[in-house]
Structure formats: C-alpha cells, structure tokens
Amino acid sequence: MEYNAGSCDVAVIGGGHAGIEAALSSARLGCKTVLFTLSLDSVANMPCNPSIGGTAKGHLVREIDALGGEMGRAADKTTLQSRMLNLSKGPAVRCLRAQVDRDAYRRLMKSVLEKQQNLYLRQGEIVDIRLDKSGRVCAVVTDMGGVFAVKAAIIATGTYLNAKTFTGEAVRKSGPDGLQSADRLTECLKGLGLPLRRFKTGTPARIYAGSIDFDLLEPQRGDEPVVPFSYETADKIENRILCHIAYTNEETHRIIRESLGRSPLFTGMMEGTGARYCPSLEDKVVRFADKERHQLFIEPMGLDTAEMYIQGASSSLPEEVQLSFYRSVRGLSRAQIMRTAYAIEYDCVDPLSLLPDLQFSFLPGLFGAGQFNGTSGYEEAAAQGLIAGINAARFVRGLEPFTLTRDSSYIGAMIDDLTTRGCTDPYRVMTSRSEYRLLLRHDNADERLTPLGYELGLISENRMERFRKKWQRIEDELRRVKAVNLPPTPLLNGIIVSRGTSPIATGTKLYELIRRPQLGYDILRPADVGRPEDITPEIAEAVEIRIKYEGYIARQAEQVEKTRRMESLTLPKDIDYEKLLCLRLEAREKLKAARPMTFGQASRIPGVSPADISALMVYLSARRE
C-alpha cells in the first residue's frame, strides 16, 4: 500500500561515504535533500579498513576538502595515527594516510548529517525510482510504500546492491558486516535500462588484541608533527596509537595453497570481478608465488575496542582455514578471531553510461556515485559523491553542470577515466593514472580547487579570505627569496659543504642555492638572516617545491595548454560513428559506446588511435564546410 510521503529536491540512496558527501553538498547548496540508508547505525561505516587516505587517495581527500567537502575534517577529528607516505620520493607522489577511530568517525559523520540545514536523514530501503512522462526522475519509493516526490536522485548504494558474502562454503544474502543487502532496487534499475554488472571485494578478519603478541611484531609509529587533511583544521593532531607490521611465511602460504579448493574466489562460486590492486591473501599467494612473505599491518579499530584490523589479509577461505593461516604468522600464534574475513559481490553500473557530471546520459535527473559506479575505496566514493551532489543541486536549479578537468584534480582524472574509458574491475585512483601529477600535488589542492568551491557556494567568505592571505604570503616569500643575495660567509659555506656540494666564492642568490638538489629552503635557514618569523611549514614547503621543480612545472603547464586546446573542440552529438568508414572498426565501436563530448575525451578512449582522431577532425572539417 503506497502513500504520499512528501517531497524534496534531491534524494540520495545510500549512507556511505559517497552518499554523505552527495547529501551534504546538495543541502549546502540550498536544495531540500533526503538521505536514505538501510540502517542509521551504518552511516559512514568503514567495513573494509579503518583508515582514510593512502597513495593518491590522500590527494582525493585534500581535494574534497578544498572544494568544501566533509571527509578531511572528520578524519582529522578522529585520527589515531597519521603518516605521510612516499616522503623519500618527489612531492608529486607524497600522500597522507590516517588511521582513524572507526566508531568515532561514524558517530561524527552521523551528527554532521543530522545538524545540516536542508537535510533529512531517513532509515529505509528504496525499491523503486520513477520517471515522469518526459523521462525525468520524479519520485523514489521506499519498501514501506512511502512515495517521495523528487526532482533528482543519486544512487550511492556502495556494496549493498543485491549483495552476497562468501566465507568458504558459507554464502549469505548480506551486505558488509552482516548488514541487510538492498535486493529490490536491482530490478528497478534494470527496468530503467541501466547496464548493471557484478563486482567483488573483500575484507580481512578482526583479531582480539589480547591474543596478539605485540613484542614479536615490528612497531610502526606515526609522523610528527601530524599534517592534517583539512585546510580548516587548526587544532594540533596527535598520534594516539602504535601500529605494527607482521609477515606471512612459507607455512602461511602452504596452508592457503592446500585450501584453494575451498575458496569461492577459485572455485567459480563467485561471478563478480575482483579488485586488481587490492587482492585477497590467497590471490597474492597464487599470483606472486615467488614471494617468500607478504606484509600484514596490524591496526586498531578504535580507542574503545579490542578489535585489530589485519590489513593485507582479506580472504574468502573457510573460517577454520583463516584461523589456521593467521596463527601461522609470527606474533599471531594465539590469535582469536572476533570477526571472520569474507568476500562480497554486488551489483554496480558500467560508468560509460554516465556523463562527466555523473548524470546518466539517458535519464535526466538520475546520478550515480561511489562503488555503484565501479570504483573501490572510501575516498573515490566520497569524491564522486561530492560532484554528484553538486550537480544534482545544479540540475534542480537549472544551472550548467560542474565538471573538473584532468589537469585540475585527481577527481577530474578519475571521473574522466570512468566516463570515457570505463573499468573492467573495481577502479582505484593512483598517481600513475594522472599525466599531470606534478601539478596535482598534496600541498596545492587548495590553490587548484578552493576558488571553485567558493564560486559554487561551498566555501565560506572567511575561509576564502584565509586562502587569499596564505597564497599572497607564499608569493611574497618567493619574490624575497629570488631577490636575496647571500655572501660567501663561513656559516653559509659550512652548511653547503656539509651537504656534499661546492662552496660559493661570490655572492649568490638564495633562490639559486635552494635549487641545488643537496640544499633546501629550511636547510639554508641559519644563513638566511632576513627570513620573516611568520613562515609556517606549509608556506616553506610551497616555496621550496616551486623553486626546485620550476622547470618541470612549466613544461607540464605547456602540455596542459596544448591538451586544453583539444578539449575545447567539441564533438557534435548527432555523429553516427557506424557510418564513418574513415575510422577503424574498433574505433567506431568504442566511440559509439562512449559518446565522447570532446576530442580530448575521444583521444583517451582505449582503441581510438591518433590516426582515428586525425581522420575524425578531417571529416568534421569537411562536414562544416
């Protein structure tokens, strides 16, 4: 029995990391928004691992924050341990990763949602999405029969859609952590014409802390001082826990190899495609048979729990096999499992059916975000949720879509990858996926994106003013450094020689000395007597990177300008690629499926060669004439 449950502008289906950012951005842009979740107790759940950030993922969190999203602020407030990864490498690949308190993060995010103006948080399963006579989204229906009139809807179902979990022969109709799966929506989406498919992922067991011999493990400490994710975090963040590293061994691998016949991943019991870059432990043992050991990271789930997360050991093997191989690891010989590892498969959509604003190309008002779009990871989900929420609000208000380019952000590169190249397995953002990674650094996310967040209405006037002052301060310091001439004093030459480089005989610009690989802005501080006292570590880092990598940054900026010219060349929507015999058959098929909006997007589609792009340009020039 259905009933009229009211109306709103935007409905968000799913209370995970994508749904949260989508609902918050929509509401903050003035749209009346309702967020539906299967369980209010699972909002912002972290079923996979209790951490935020990591390689390239940390870039996404900084970009989410720079645009006005919530993930970075919540991570800073619940951080247990923080580390900057890849410090020995260049600034383009340095990434922040924070171990967070899983339950505190969940409670905090739920509270943020509850307090947000224009946002209504509702427990309920959405089983139907309805269209009006023009084909636009007009309503969503709950399993209780409540019909909510809406102008736009965002699907952010994560790994819950038609989900099954697998632990050996034990197969359950369940979402992550034993929670309810969303089963009825799949049929509705198929009826709407969405190209659904099955993906899979997994999670390791949780081990009781009292059963672990930590003295036999390798300690892993956090960095000091802690670098925050959010540009708004003013309070000092402290490392409050110690993590540990363990290693598998030949006995671990023997147990796993002998039990592969009971692993759903290898028996064909699971039909979903797994994550290429986050394999299960049994996958790693098989694929990397020459490896004598694999790292396992032992990480607390929170301050008020004895559950320990074993990163790197996800599995679908039977419970008794899991217990056996965990106990074969040094330091885990007495391990007691509190939560058994499992694999999970779920329905998701082919992202080639999405436009760059994350709206379905053939269903006005319907958007997709997060793992529903074929990605993996909390950070990828949150970034898509933010963009989907922004664009749903703009759709409701009749504004042009908001999109990010590949050269502006990892968010833009990720969405471009998804909507032009698609993905055949769960997509994970990586620094290697971006051809502009030297421009898209962890340190300059605000420079790239905060003005855009301000224009959208997600960044406050006060925050924008702080941003302007910070970057003006950086520019002022760069001008000073380029103007300062340092004489060859014993102090200065002592610093230079101690670093293994040649002393100076005449006055030399401070700028030129900083450019030397062996030297740096902070290393030369004792000799830089005119340095202002208010230079923060953040400003110092920005100044040094701009000096040391000036030539590389300039060359990449030239590359960006060339690419932008191609991106500005739009492709007509009415092209019948099947009739373009000047293109190779594969190119015609790929272009027809992807329907790129610009030559730039077309050039990035696998199977479309530079010769195909040239032929397409010639054809369109002739057509215009």
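**Exercise 1: An enclosed space**

The residues that line the largest cavity are L29, I390, A393, R394, R397, L399 and L456. Before you go on, keep in mind that this is a predicted model, where local features need pLDDT of at least 70, side-chain atom pairs count only at pLDDT 80 or more, and totals for chains, interfaces and linings use all residues. Residues are numbered from 1 along each chain as its sequence is written, and side-chain values use heavy atoms, with hydrogens and water left out.

Task: Which element gives the largest share of this lining, and how does the lining divide by class?

Solution: 
- Step 1. Look up the volume, which is about 30 Å³ for the largest cavity. A volume here is the space filled by probe spheres set on the points, with grid points joined across faces, edges and corners.
- Step 2. Find the element: α10 provides the largest share, three residues. Helices (H or I, at least four residues) and strands (E, at least two) are DSSP runs, numbered from the N terminus.
- Step 3. Sort by class: five are nonpolar, none polar and two charged. Ala, Val, Leu, Ile, Met, Phe, Trp, Tyr, Cys and Pro count as nonpolar, Asp, Glu, Lys and Arg as charged, and the others, Gly among them, as polar.

**Exercise 2: Rings that meet**

Task: What kind of aromatic pair do F360 and F372 form?

Solution: 
- Step 1. Start with the whole structure, where a search finds six aromatic pairs. Rings of Phe, Tyr and Trp (its six-membered ring) pair if their centres lie within 6.5 Å; planes under 30 degrees apart count as stacked, over 60 as edge-to-face and the rest as tilted.
- Step 2. Check the numbers: the ring centres of F360 and F372 are 6.4 Å apart and the planes are at 70 degrees, so this pair is edge-to-face.
- Step 3. F360 sits in the loop between β21 (342-349) and β22 (366-368), and F372 in the loop between β22 and α10 (378-396), so the pair ties together parts that are twelve residues apart in sequence.
- Step 4. Both F360 and F372 are buried (buried means under 20% relative accessible area, exposed over 50%, partly exposed in between, with a 1.4 Å probe and protein chains only).
- Step 5. Now try Y549 and Y552: with 6.4 Å centre to centre and 50 degrees between the planes, they make a tilted pair. Y549 counts as partly exposed, at 25% relative accessibility.
- Step 6. Back to the Phe residues: F360, F362 and F372 form one aromatic cluster.

**Exercise 3: A charge over a ring**

Task: Which ring has the charged end of R531 over it?

Solution: 
- Step 1. The rule is that NZ of Lys or CZ of Arg is within 6 Å of the ring centre and within 35 degrees of the ring normal.
- Step 2. R531 has its charged end over the ring of Y521, 3.6 Å from the centre.
- Step 3. Likewise, R62 lies over the face of Y231, at 4.1 Å from the ring centre.

**Exercise 4: A strand and its partner**

Task: Are the faces of β2 covered or uncovered?

Solution: 
- Step 1. Take strand β2 (residues 10-13): V10 and V12 on one side and A11 and I13 on the other are all buried, and both faces are covered.
- Step 2. Four bridges join β2 to β3 (residues 33-37), and these strands run parallel; two strands pair if DSSP finds at least two bridges between them.
- Step 3. I13 has F36 as its bridge partner in β3.

Note on methods:
1 Å grid on protein atoms, 1.4 Å probe; cavity = no way out; pocket = protein on both sides within 12 Å on 5 of 7 lines; lining within 4 Å.
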